[in-house]
Amino acid sequence: MLRARDGERGPMWFVTSEQTAGRGRRHRPWIAARGNLASSILEVIDVSPAVAATLGFAAGLALEAALQRVSMEASLRSAGSDRMKYSLKWPNDVLAGPQKLAGILLEAEAVADNRLAVVVGIGTNVVAAPEGTPTPATSLAALGIDIGAEELFAVLSDSWADFRGIWDNGRGFGEIRRLWLERATGLGQPVAIRSGGSNLEGTFDTIDESGCMIIRTSEGRRVPVSAGDVYFGSAASAGAA
């Protein structure tokens with residue numbers, strides 16, 4: 001974002017395999033141990049903040065596709081045959097089974113010429129995962145996928161170009177939404193959303209045309225949610241407590 005304030009218009013990647021002062025959602029700390037992948041792309045675009053927010057779904061799809069590819073290649077190298085399955089957790093996580101493998105964070109700020117600087121940060125646990133996190137975490141290494149951060153980034157940057165093109169400054173969000181829902185975790189399952197001091201419980205129905213999670217309550221109401229901590233299944237009651 002500092003580079004955008006200084007006039008950089010991108011798109012430009014900022015990448016490191018060790019991050020000591022990262023930031024997650026709600027200003028939570030994010031530490032990328034040496035060997036993990038911390039990658040952020042700067043895009044300066046002529047869209048509204050609401051439209052820019054939907055770019056996060058394209059980022060999730062890009063990372064999921066990249067992970068599928070490197071996992072398959074690693075499996076072939078080791079003469080394995082198992083296909084790793086990844087899923088997307090609203091709004092910004094990539095899961096391997098029930099465990100968090102990666103997180104995505106969007107930040108946006110107005111710059112000159114009435115354009116919006118958007119930074120999409122993507123942190124992936126390649127060799128190590130943090131402990132004691134709200135959602136149990138894992139790493140590619142723990143899953144038996146032997147690749148380096150550099151190899152993952154090379155694939156991710158290509159995948160980003162593909163899904164960024166589909167998103168097309170928000171014009172293609174309908175297709176992004178369809179693809180994202182095909183990979184969504186918890187769809188149709190009990191969910192609890194905790195935001196500030198309030199809790200909402202119901203069933204994860206879908207995401208709408210603006211990227212909000214739609215919760216169907218026990219009374220049959222469909223409630224849009226734009227932000228919050230998400231708990232599925234058996235964790236839903238604990239998350240709402």
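Which helix does Trp-167 lie in?

## Trp-167

The model is predicted. In it, Trp-167 lies in helix H4. The residue counts as buried, because its relative accessibility is 0% and the limit for that class is under 20%. Arg-177 comes 10 residues away from Trp-167 along the chain, and the C-alpha atoms of the two are separated by 9.5 Å.

## Aromatic pairs

The count of aromatic pairs comes to five. One of them joins Trp-13 and Phe-153. The ring centres of Trp-13 and Phe-153 are 5.1 Å apart, with 85 degrees between the planes. An angle over 60 degrees counts as edge-to-face, and the pair of Trp-13 and Phe-153 is therefore placed in that class.

Trp-13 belongs to strand E1, which covers residues 12-16, while Phe-153 belongs to helix H4, which covers residues 149-167. The pair therefore ties together parts of the chain that are 140 residues apart in sequence. Trp-13 is partly exposed, with a relative accessibility of 21%.

## Helix H3

Helix H3 runs over residues 55-77 and has 23 residues. From its first C-alpha to its last, helix H3 reaches 33 Å, which is close to the 33 Å expected at 1.5 Å a residue. Helix H3 is mostly covered, with 17 of its 23 residues buried.

How do the axes of H3 and H5 cross? They come within 10 Å of each other, and the crossing angle is roughly 50 degrees. H3 is therefore oblique to H5. The crossing in which H3 passes H5 is left-handed.

## Salt bridges

How many salt bridges does the structure hold? The number is 13. One of them is formed by the side chains of Arg-183 and Glu-64, at 3.2 Å from N to O. Glu-64 is in helix H3, whereas Arg-183 is in the loop between helix H5 (173-182) and strand E9 (190-195).

## A network of charged residues

Arg-183 also forms a salt bridge with Glu-182, and the closest N and O atoms of this pair are 3.4 Å apart. Another salt bridge joins Glu-175 and Arg-178, with 2.7 Å between the closest N and O atoms.

Glu-175 and Arg-178 are both in helix H5, three residues apart, so about one helical turn separates them. In an α-helix, residues three or four places apart point the same way, because there are 3.6 residues a turn. Both partners are partly exposed: Glu-175 has 35% relative accessibility, and Arg-178 has a relative accessible area of 39%.

Which residues are linked in a network of salt bridges? They are Glu-64, Glu-175, Arg-178, Glu-182 and Arg-183.

Conventions:
Residues are numbered from 1 along each chain as its sequence is written. This is a predicted model: local features need pLDDT of at least 70, side-chain atom pairs count only at pLDDT 80 or more; totals for chains, interfaces and linings use all residues. Side-chain values use heavy atoms; hydrogens and water are left out. Rings of Phe, Tyr and Trp (its six-membered ring) pair if their centres lie within 6.5 Å; planes under 30 degrees apart count as stacked, over 60 as edge-to-face and the rest as tilted. Helices (H or I, at least four residues) and strands (E, at least two) are DSSP runs, numbered from the N terminus. Buried means under 20% relative accessible area, exposed over 50%, partly exposed in between (1.4 Å probe, protein chains only). The expected span of a helix is 1.5 Å times one less than its number of residues. A salt bridge is a side-chain nitrogen of Lys or Arg within 4 Å of a carboxyl oxygen of Asp or Glu. Axes are lines fitted to C-alpha atoms, for helices over the stretch in contact, and angles run from 0 to 180 degrees between N-to-C directions. Angles under 35 degrees count as roughly parallel, over 145 as roughly antiparallel, 65 to 115 as roughly perpendicular and the rest as oblique. A crossing is left-handed if the near helix is turned anticlockwise from the far one by less than a right angle, and right-handed if clockwise.
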